Amino acid sequence: MTEFFHNCTTNERKREIEELLNNFAQQIGAWRFCLYFLSSTRNDYVMMYSLTVFENLINKMWLGVPSQDKMEIRSCLPKLLLAQHKTLPYFIRNKLCKVIVDIGRQDWPMFYHDFFTNILQLIQSPVTTALGLIMLKTTSEELACPREDLSVARKEELRKLLLEQVQTVLGLLTGILESIWDKHSATAATPPPSPTSGESGDLLSSLLQSPSAAKLLNQPIPILDADSEHICSLALECLAHLFSWIPLSSSITPSLLTTIFHFARFGCDSRGRKLCAVNGGSPGAGPGQGHCQGQGQERARLGVLAMACINELMSKNCVPMEFEEYLLRMFQQTFYLLQKITRENNAHTVKSRLEELDESYIEKFTDFLRLFVSVHLRRIESYSQFPVVEFLALLFKYTFHQPTHEGYFSCLDIWTLFLDYLTSKIKSRLADKEAVLNRYEDALVLLLTEVLNRIQFRYNQAQLEELDDETLDDDQTEWQRYLRQSLEVVAKVMELLPTHAFSTLFPVLQDNLEVYLGLQQFVVTSGTGHRLNITAENDCRRLHCSLRDLSSLLQAVGRLAEYFTGDVFAARFNDALTVVERLVKVTLYGSQIKLYNIETAVPSVLKPDLIDVHAQSLAALQAYAHWLAQFYSEVHRQNPEQFISLVSTALEAITPLISSKVQEKLLLSACHLLVSLATTVRPVFLISIPAVQKVFNRITDTSAQRLPDKAQVLVCRALSNVLLLPWPNLPESEQQWAVRSTNHASLVSALTRDYRQLKATASLPQRKVQLEDTKVIIHQTLSVLEDIVESVSGESTKSRQICYQSLQESVQVSLALFPAFIHQSDVTDEMLSFFLTLFQGLRVQMGVPFTEQIIQTFLNMFTREQLAESILHEGSTGCRVVEKFLKILQVVVQEPGQVFKPFLPSVISLCMEQVYPIIAERSSPDVKAELFELLFRVLHHNWRYFFKSSVLASVQRGVAEEQMENEAQFSAIMQAFGQSFLQPDIHLFKQNLFYLETLNTKQKLYHKKIFRTTMLFQFVNVLLQVLVHKSHDLLQEEIGIATYNMASVDFDGFYSAFLPEFLASCDGVDSNQKNVLGRNFKMDRDLPSFTQNVHRLVNDLRYYRLCNDSLPPGTVKL
C-alpha cells in the first residue's frame, strides 16, 4: 500500500498493484485477513483498503456469504470499533461505522436484531455518546434514503422500521442537548445588566406572548468545553439529517425546538470571541490563543448547524394542522434572534455586528428569511399576534447592513418575493386593496428610498466603487447586475404605489439633471475643438459621481415607463409628460453641444461618463415609445401640436448621432430610438420631417461611409418601416400606399445596387481577393434584407406585398447565386438564413411557382455527396447550412392546403435516404434535432398522406380500420424514432419522446393498427431497457408516462403477452426471481399505480442482477 501511494511509483507498477489488490478482494475468504489487518496495523492505507474489501463484500456479495461467516463479521466489527474508536483516525472510524451500518441495511432486524438498540445504548453511555451519534447519522443517511442496490420492498421496510424509532431518537437527542446546556448554564458568568437590555424585552414579549419565554431566551449563553461542543455539533448534524426525511409531526416537540433555538443563538453571539480572551488568559498568552480562536469558530459552527435544522423544517410546505402552532413559535424565536443581530448599541453599529458573525451563519439566516417569506408568510400573516410590520422593519435593518454584496443581493431577492406576494394578494382581493396597502405603505416607501440611495455614488460611493464593471458574467457585469436587481425592486414598488414612487424618484433625477444641463457654461472653444473647463481634481470627482448617478436614474425612469400606459394613461398623464419632456430636452442638449466629442481633464473617466449619460437618455426615451403611441392615438384628431413637437425634437437629437464617427454605444442607442419611433409610434408626418429625409439621403448615398453593421441594419429597418407599416388611426384609403410603395422600391434598389450586379459575374471563376470582396457585399446586403423581411413578417398583407415587390429582383439574384457558392458554407449559411426568413414571412407573397422553383433548386443542389461534405467535413458551419435547409422544409410541410403536397415524397426521401443515413451512426447531436423536427412536422401536418380514413367510413364501420398509404415511408420514420432512443443524447431523447406523445394526443398514433400490431411493444421494450440501464435518469418521469400511454392502448396484450416475454428475455435473473418480478407488477390500469409498478420492476430487476453477480461460482440457488 505504501508503495502504491508513493510519489515515485510509476503508473505501470500502480496498475500491477491495483490488479493484485482487486484479485485479493474477490477471493472468498479475504475478509478474514482484512479483519486481522484491521486489528493489527496502524497504517491508514492498509486499514482503508481492508474496509473497502468489507464494503464490497457486504454491498455486492453478501447473499453468497455463509451464515456462519456473517455472524462472525457482525460480532467482530462492532467489537473492533468499540475497542479502537478513541485511537483511530476520524476518517477510518467513520468508514468502519459505515461498514457496520451497511450490514444493518442488509440484515436488521431479522438477522441483526440488536443493530439499532446497540446504537441507542452507545448514545446513552457517556463514554461512547459521540460514537453513537456518528452511527445514528450514518444510519439516517444510508437507511432512510438508500441508494438503489436494495429491492423496493426492503426500502419500504427500512423506512417503516426507522419511522418507528423516530420518537425515541428525537427524545434522546433533546435530552443530550438540554442536559449539556443546563449543566453549563449554571456556571456561565452572568454579565452585568447592559443599559440597552430593557428595550429588547418589549418586542420580544409581544412576539412570544409570555415574559417567561422571553426571559428564557435572554439567558446568557453558556461556555462549553471542547467535548461538549463536539457532542452538541454531532447531535445537531443528526437532527438536520433526520428532519430532511421525517414528516412534521408531534414527535418534534416544543422542548426540542426551544433547545435548537438556544443553540442557534451561538451564531449571533459575538461575545463568544471576546469571552475567549477573558478565559484564555491575557491576549498575549502565547499558545493558548490559537485554541481560543478555534473555540470562537466552534461556537459559531453550533449556530450554523442549529440554523440548518431550523431551515430543514422551514422548507417543508406541507404543514399538518397540529404543527402550525409550533411553526408560529419557531418564527417568533427566530425573529428574536434577528432582533438580537440587528440591535444597535453605543459600541456597535449594526453593520459591524454583522461583520463579526460567521459568514455561513449569515447565509443560513438569510436562507431562513427567504423560506419564511416564500413558503410561510401567507400562513402566518393572518395570525393577529404576529407583527408582520415589525418583522419588515427588522428585515430592513438586516438587508441594508449586509457586510457583502452577495448577502445584499440575497436580501433583495427576499424583498422581491415579498413584493410579488403583496401584488398577487392585492390582485386577488381588490375589495380591501386600500387596507392592505395602508398597512405596508411606510415600509415600502422606506425600502424604495433606501434602494435608490444604494445605487447612487452620492450616498454609497465606497461600496459601489468595489463593483466590477468590466468582466461579463452571464452577459452582465457585477455593476449591471447590482443595478438591475435594485431597479426590479423599485419597479415592483412603483406597481404598488405609483404616486409615491414617482414623487420619490423624480426630484432625485431632477437634481442630477441640473448638474448635467449646467455643464454648458463650462464648455470653452479651444484650438482643437471644444473643451470642458473643469479641472480641479475634487470637481472632476464630484462630476464623475453625479454623471454615474444620472445614468442609473435614467435607467430607473426608463424601467418605470410601463406604469404610465394602458388604463392609467389619463390618470398619470401629467407625470409621464413631465418625464418625456425632460428626456427630449436632455437628448437634444447632448447632441447639440456634442458632449460625446468634448475634451476633458480626465478623458479616461469623464468621456465614457458623458457618452453613457447621453446613451442612457436616448434609451430611457425609447422606453416611453408605447406611451408616445398612446398619446398619439388620443390627440391625433384635436390638437397634436405638443405631440408633433416632442417627436420632431427627438428626431433632431437622433440625426446628428447617425454617423460612423460617433462611438458605437451612442450610435446604437440613437438607432434603437429611431426604430421605436418608426415601428411603435408610426406618426404620419415622420417621412416629411427634414431630419428623417437627411437619414434617407445618408443611407442611400453610395459615397457616404457605411455605418457599422449593427447600426446599418437598424437604420435600414427604421426607414423601411416608415414606408411599409400602416399608419395608426387612419382608414385604408388615406394610407398613400402608391407613393410609399415607389419610395420603398427605390430605397431597396439603392441598398442592393452592388449585390444585384453580382449576378452577371457569378458563374465566372473568382480570384481570392475578389472572392473576399464579393463575400462582404453578400453579407452586408443579406443581413439588411433579412432584417427588413423579419420586421414586416407579422404585419398586414399590404405591407408584406410592397416589401416583396421591392425585394423581388434581389431574391431572384440570390437564387441564381446560390449554386455558385454551394461549396462556400459561410455564404450558403447566410443565403439560407435569408431564404428561411422569406419563407417564414412572405411565402404567400412569393407565390406557388416561384416557391416551387426555390425548393426544387435546393433539392437538386443538396445531393447525397453535398450533404455528406457539409455535415462531415465542414464542421459547425456545414451542419448549420443543412439545419437551415431542413428548417425551410419544416415551413413548407406545415403549410395548410394542397399547394406544397406534391413535395412530400421528395422531402421524405431526402430525409430518410440522404440525410438520415449520414447522421444516424454519428454520436454528435448536430442536424439530428432539426431532422426529427422535420419528420414530426411531416407526420403532424400531413397525417392524411399516410392515413386516409374519412369521417363517413368510420361512422359506418364503428371502429375505423383506416386505409394506410405510403406504409413503407411511415415505418421507416417510426424506426428512425425508435433508433434515436438507443442513443446517449438526452436532449434528442426528450424531444423525440415529446413528438411521439404529441402525435398520440392529436392523431391517436399509438391506436393506429400498424403501430399497435408491429411497433407498440418494441417501443415499450426500448423504453424499459433505457430505464434499466439508467442512461437517461433525468427523464424517468416522462419515460414512465409514455410507457403507460403505449401500454394503455392494449393492457390485455401488455399483461398477458408483453410482460411475460420481457421477463423471459431478461438475462442475469433466475426463473424464481422472474416470477417474483411478474407477481409484484400488479395489473393496475391507472397512471400513478402503473408508473410506480414500472419503477419497482426496474429497481428490483437491477437489484436481483447485482445479487446474482455477487454469488460465488457454483452456488446452488433454491
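**Helix packing, salt bridges and a buried asparagine**

H27 passes H30 in a left-handed crossing; a crossing is left-handed if the near helix is turned anticlockwise from the far one by less than a right angle, and right-handed if clockwise. The contact (heavy atoms within 4.5 Å) is made by Ile611, Asp612, His614, Ala615, Leu618, Leu621 and Gln622 of H27. On the H30 side, Lys665, Leu666, Ser669, Ala670, His672, Leu673 and Ser676 take part. The model is predicted, with local features needing pLDDT of at least 70 and side-chain atom pairs counting only at pLDDT 80 or more, while totals for chains, interfaces and linings use all residues. Residues are numbered from 1 along each chain as its sequence is written, and side-chain values use heavy atoms, with hydrogens and water left out.

Helix H27 spans residues 603–623 and helix H30 spans residues 664–681. Helices here are DSSP runs (H or I, at least four residues), numbered from the N terminus. H27 and H30 pack at an angle of about 15°, and their axes lie 9 Å apart. Axes are lines fitted to C-alpha atoms, for helices over the stretch in contact, and angles run from 0 to 180 degrees between N-to-C directions. H27 and H30 are therefore roughly parallel to each other (angles under 35 degrees; over 145 is roughly antiparallel, 65 to 115 roughly perpendicular and the rest oblique).

Helix H38 covers residues 848–861 and has 14 residues. From first C-alpha to last, H38 reaches 20 Å, close to the 20 Å expected at 1.5 Å a residue. The expected span is 1.5 Å times one less than the number of residues. Phe850, Thr851, Ile854, Ile855, Thr857, Phe858 and Leu859 of H38 are buried (under 20% relative accessible area; exposed is over 50% and partly exposed in between, with a 1.4 Å probe and protein chains only). These buried residues pack against four helices: H36 (797–817), H37 (825–846), H40 (875–894) and H41 (904–920).

Side chains of opposite charge can pair when their charged atoms come close. A salt bridge is a side-chain nitrogen of Lys or Arg within 4 Å of a carboxyl oxygen of Asp or Glu. By this rule the count is 41. One of them joins Arg301 and Glu237 at 2.6 Å, N to O. Arg301 lies in helix H15 (residues 288–314) and Glu237 in helix H12 (residues 226–243), so the pair ties together parts 64 residues apart in sequence. Arg301 is partly exposed at 34% relative accessibility, whereas Glu237 is buried at 18%.

Arg582 and Glu514 meet in a salt bridge at 3.6 Å, N to O. Arg582 belongs to helix H26 (residues 573–592) and Glu514 to helix H24 (residues 498–517), so this pair links parts 68 residues apart in sequence. Arg582 is buried, at 14% relative accessibility. Glu514 is partly exposed, at 44%.

Arg756 and Glu809 form a salt bridge at 3.6 Å, N to O. Arg756 sits in helix H34 (residues 753–761) and Glu809 in helix H36, so parts 53 residues apart in sequence are tied together. Glu809 is partly exposed, at 44% relative accessibility. Elsewhere, Glu55, Lys95, Lys98, Asp102, Arg105 and Glu142 are linked in a network of salt bridges.

Asn1000 lies in helix H46 (residues 986–1003). Asn1000 is buried, at 11% relative accessibility. Leaving aside residues up to four places away in sequence, Asn1000 touches Leu1005, Tyr1006, His1007 and Asn1045. The C-alpha atoms of Asn1000 and Glu72 are separated by 58 Å, and the two residues are 928 residues apart along the chain.

Key:
Helices (H or I, at least four residues) and strands (E, at least two) are DSSP runs, numbered from the N terminus.
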